[in-house]
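Colleague: I have a model here and would like to go through it with you. Shall we take it piece by piece?

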Amino acid sequence: MQLPQPLLQSLERVDSFDKAAFEQVHASGKQVTSLRVNPAKPIADFPHSHLSALTVNAIPWSRNGYYLSGRPSFTFDPLFHAGTYYVQEASSMFLEQALTQTADLSKPLRVLDLCAAPGGKSTHIQSLLSAESLLVTNEVIRARVNILKDNIIKWGCNNVLVSNNDPKDFAKLEDYFDVIVVDAPCSGSGLFRREPEAMDEWSPDNVVLCSQRQQRILADVWPALKKDGILIYSTCSYSKEEDEDITDWVMENFSVSPEKIQVDPSWNIVETQGKQNAFGYRFWPDKLDGEGFFLACFRKREGDDEAVMKIKNKPIAVNKKDIPILEKWVIGNDYFFLQHLQTVYAWPVALQQDYNWLLNNLRVQYSGTILGELIRDKLVPDHSLAMSVILDKSLPQTELDYKQSIEYLQRKDLKLETEKGWQLVTYQSHPLGWINALPNRINNYYPRELRILKERPE
Ligand SMILES: C[S@@+](CC[C@H](N)C(=O)[O-])C[C@H]1O[C@@H](n2cnc3c(N)ncnc32)[C@H](O)[C@@H]1O
């Protein structure tokens, strides 16, 4: 692996850079595989029951993060499709320390993940927030919103709103968020070990362009953070221009105080300080098990701590007579049910005002949970409901074995003896989706766009 010489030269300016070790770890071809389990969908006896051929070790900076001793085929694991875990790079799970050490997560918070696709950090943040909190997960690039939405649905949450906006659109939401996470688009050098082809895209000019874009993104979203709110900035670049120079720029341009994060020395994360004394946390693959990553955290010292929400348009609530039909499918009763054409959504009542306001201000792609379509006094359930934590798990269901589960996820025809009507299908008790058992056949309702396209290797 031939690392770009201008990158190596530029890193000589970074104190903690160890050129020989850095080159060696890139040449080694070592791959680190890690995942984060979903606390809302616990796997029985994890890690012993699952991925049993592999050794599983805890990632010290994340409660639900684990290293795996190898890389299994996640595509052919039904529990992956059930949303019980997310395959995520280990260093980036350090976000958990930034959040838990700087924000009071027991309170209802409004959190924005501004650069969110495919959703690794968003699913992580969601697991750390209280149920009354709101997560707005945003992706500016239209083509990447669907994968974000799919991952949010699979994670099963009801307190997340997915939007497709440019960072500058958030200026309208002045003083609104308690926490803003900017996992910025960057030159990507931190992932060279895992994706060597990314080196072809790297150039010093691109680093400069990225750093200018990072400043623009931060300036655009800044008004949306409330006074005393937390800004978490991260990249997967080693370049100072995108890391410490950005923290200097934040300190010089905004009224903020830097936040220090307590780090256990055995983790081998390097704390740095820019010229303006903001703290940064660097992850070097030659010092720890993870890819290159940088994170810094600030508290806003200007602005207001209260946003003014003016709601002009409200969505249409479902007809009162239909509510009992919907309530049979969900647990709890704190929902606002709304209808757009035939599609019915459930929002937590506690977030109704926020969702309304966001619907007035953002290009919202998803919110709460889609329950399904109301057709002639009946609900045709949606896949989102099968994945959601609000699903009533006492609904009729059929447990599938491994082979049947894969066939279901491939959207093949199933031969099962079941009761007639809508049924959840589950694997190890985790819902995978819906089937409708008719008198002479079973219709597989797994979403076409999510189906496994490959055949299982023997
Ligand atoms: C590092 S990736 C985010 C990864 C994601 N946070 C995760 O953990 O799964 C950066 C994201 O920023 C988006 N992006 C690109 N240009 C942007 C811009 N000008 N403003 C905001 N986001 C941008 C990219 O599409 C990409 O999804």
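Colleague: Which residues touch the most other members of the largest nonpolar core?

Modeller: Keep in mind that this is a predicted model. The largest nonpolar core holds 113 residues. Strand S13 (residues 293-300) gives the largest share, 6 residues. The residues that touch the most other members are Val179, Ile180, Val182, Ile232 and Leu295.

Colleague: Where does this core lie?

Modeller: The domain assignment gives two domains, domain 1 (90-300) and domain 2 (316-450). Both give residues to this core, so the core lies between domain 1 and domain 2.

Colleague: Which residues is Val182 in contact with, leaving aside its neighbours within four places in sequence?

Modeller: Contact here means C-beta atoms within 7 Å. With those neighbours left aside, the partners of Val182 are Leu114, Cys115, Ile217, Leu218, Val221 and Tyr233.

Colleague: Which element supplies the largest share of the side of domain 1 that touches domain 2?

Modeller: The centres of the two domains are 32 Å apart, taken over C-alpha atoms. In the contact, 22 residues of domain 1 meet 22 residues of domain 2. Strand S6 (134-138), helix H6 (142-155) and strand S7 (160-163) each supply at least two residues of the domain 1 side. The largest share, 6 residues, comes from H6.

Colleague: At what angle do helix H4 and helix H5 pack?

Modeller: H4 covers residues 95-102 and H5 covers residues 120-128. Leu95, Glu96, Leu99 and Thr100 in H4 meet Lys121, His124, Ile125 and Leu128 in H5. The crossing is right-handed. The axes lie 10 Å apart, and the angle is about 35°.

Technical notes: Residues numbered from 1 in each chain as written. Predicted model: local features only at pLDDT ≥ 70, side-chain atom pairs only at ≥ 80, totals over all residues. Axes fitted to C-alpha atoms, helices over the stretch in contact; angles between N-to-C directions. Helix = DSSP H or I, 4+ residues; strand = E, 2+ residues; numbered from the N terminus. Left-handed = near helix turned anticlockwise from the far one by under 90°. Contact = placed C-beta atoms within 7 Å. Core = buried A, V, L, I, M, F, W, Y, C linked by C-beta atoms within 7 Å. Buried ≥ 20, exposed ≤ 12 C-beta atoms within 10 Å, placed from the backbone. Domains from an automatic or database assignment.
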